[in-house]
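Here is a short briefing to read alongside the structure.

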Amino acid sequence: MPNDIVHFAIHADDCERAKAFYQRVFGWSFQPWGPPDFWLIQTSATGIRGALQKRNGPAGPGMGGYECTISVTDVKATSAAIEAAGGKLQHPPFHIERVGTVVQFSDTEGNIACVMQYLPGVLS
């Protein structure tokens with residue numbers, strides 16, 4: 001049995017603000033589900049599903065969970081979209097030999113993630 005990641009969760013102080021950020025930058029869709037301040041996330045028709053939920057504890061500095069990397073076709077355009085939507089780039093685009101170009105960013109809620117423009121053939 002493979003041990004694939006099948007779900008992720010984004011914790012937010014302001015769920016509406018976080019939802020707007022991920023819709024604007026990545027085009028993800030959100031469906032209200034269960035308790036208040038909880039949405040299912042669909043990244044694409046074939047992508048893994050996630051959840052957006054109200055943060056239960058205080059946000060602190062540094063990494064508070066898994067680091068997520070989102071595959072994008074144009075890391076420069078995505079970086080501009082991140083900043084335009086209120087996110088912050090943690091460093092300029094960085095090329096990883098034989099892999100692609102990555103940018104680490106923080107979303108509107110202070111969560112850290114990465115976007116990666118993979119080189120052709122890396123994911124196949």
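Gly50, in β4, is the bridge partner of Ile41. Five bridges join β3 (residues 38–42) and β4 (residues 49–54), and these strands run antiparallel. Please keep in mind that this is a predicted model: local features need pLDDT of at least 70, side-chain atom pairs count only at pLDDT 80 or more, and totals for chains, interfaces and linings use all residues. Residues are numbered from 1 along each chain as its sequence is written, and side-chain values use heavy atoms, with hydrogens and water left out.

**Sheet and helix**
- Four strands make an open, mixed sheet in the order β1-β4-β3-β2; two strands pair if DSSP finds at least two bridges between them.
- β1 (7–12) and β2 (29–32) each have a single partner strand, so one side of each lacks a neighbour in the sheet.
- Helix α1 (residues 15–26) packs on the sheet and touches β1, β2, β3 and β4, where contact means heavy atoms within 4.5 Å.

**Salt bridges**
- The whole structure holds three salt bridges (a side-chain nitrogen of Lys or Arg within 4 Å of a carboxyl oxygen of Asp or Glu).
- Arg55 meets Asp13 at 3.0 Å, N to O; the pair links distant parts of the chain, 42 residues apart.
- Glu16 meets Lys19 at 3.5 Å, N to O, and both lie in helix α1, three residues apart.
- Arg17 meets Glu109 at 2.7 Å, N to O; Arg17 is in helix α1 and Glu109 in the loop between β8 (100–106) and β9 (112–118).

Note on methods: Helices (H or I, at least four residues) and strands (E, at least two) are DSSP runs, numbered from the N terminus. Axes are lines fitted to C-alpha atoms, for helices over the stretch in contact, and angles run from 0 to 180 degrees between N-to-C directions.
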